[in-house]
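Have a go at each task before you read its solution.

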Amino acid sequence: MNEWPIIHAERCDAREVQFTNDHAMIHLADERIMGVPLAWFPPIQRATNEQRRNHTCYGDTIHWHDVDDGIDLTAMLTGLYIVQVSQRNSRSEPHVPITWLYLDGGARRSGDIEGVPFVQDTRNFPQDIRFEDDNLIFDLADGRILCMPASFAPRLAKANDSQRMDFQRTGLTLRWEDLDEDINLIAMLTGFYDLDKPHPEPAVEKAEATTT
């Protein structure tokens, strides 16, 4: 059986990390940003600015050398991190979340099928949707933040706050009926989205000026 990747390798490459008071904001290759709560990574949270700068991005992982801690982007983008925040850095048995597969035929438990993409369900539910600095920002249920460029969903970007929160949810597919906009959060988190690309304007050839 050929295994499918869980996240899109090229689009999900980590390029740089910036910090707010509460989150590590990981900038991805396709201009999405994943915000990860610093409280989940105490060594990084306690690190100095100089220590935070001393990190290396290895595609889907980031390692901070001075504090010997790292962030696994596959786990952060899918919600499939295993250890609960309260159990992190402890010897207690890790909590294994219930995961679901999202296929054309419907959702099934991850133990029923192997080798296909899957995400954690309830952790990825959006609690709030807002628009800042040309980014649509999804505050997810567990404290992570997904920022995606406004160009990914232009009608939603132009809507007001009330319109953005007026959506119907089927699994992790969000539908804004009045805006005729759909977002599949699984695709948006994992990078397996298929955006409608605008058709380029026809090139206008400029005639060369001639003199006589």
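**Exercise 1.** Which backbone nitrogen lies 3.3 Å from a polar atom of the side chain of E181?

Solution. The backbone nitrogen is that of L156. A polar contact is a pair of N or O atoms within 3.5 Å; within protein, one must be able to donate a hydrogen and the other to accept it, and residues adjacent in sequence count only if both atoms are side-chain atoms. Two notes before we go on: this is a predicted model, where local features need pLDDT of at least 70 and side-chain atom pairs count only at pLDDT 80 or more, while totals for chains, interfaces and linings use all residues. Residues are numbered from 1 along each chain as its sequence is written, and side-chain values use heavy atoms, with hydrogens and water left out.

**Exercise 2.** Find how many aromatic pairs the structure holds, and describe two of them.

Solution. There are three aromatic pairs. For Phe, Tyr and Trp (its six-membered ring), rings pair if their centres lie within 6.5 Å; planes under 30 degrees apart count as stacked, over 60 as edge-to-face and the rest as tilted. Take F152 and Y193: their ring centres are 5.1 Å apart and their planes stand at 55 degrees, so this pair is tilted. F152 is in the loop between β12 (145-149) and α4 (154-158) and Y193 in the segment after α6 (185-190), so the pair ties together parts that are 41 residues apart in sequence. F152 counts as buried at 14% relative accessibility, and Y193 counts as buried at 11%. F167 and W176 form another tilted pair, with 5.4 Å centre to centre and 50 degrees between the planes. Both F167 and W176 are buried.

**Exercise 3.** Which residue lies over the face of Y193?

Solution. R11 lies there, 4.1 Å from the ring centre (a charge sits over a ring if NZ of Lys or CZ of Arg is within 6 Å of the ring centre and within 35 degrees of the ring normal). Now look at F125: the charged end of R169 sits over its ring, 4.0 Å from the centre.

Methods: Helix = DSSP H or I, 4+ residues; strand = E, 2+ residues; numbered from the N terminus. Buried < 20%, exposed > 50% of the residue type's maximum accessible area, 1.4 Å probe, protein only.
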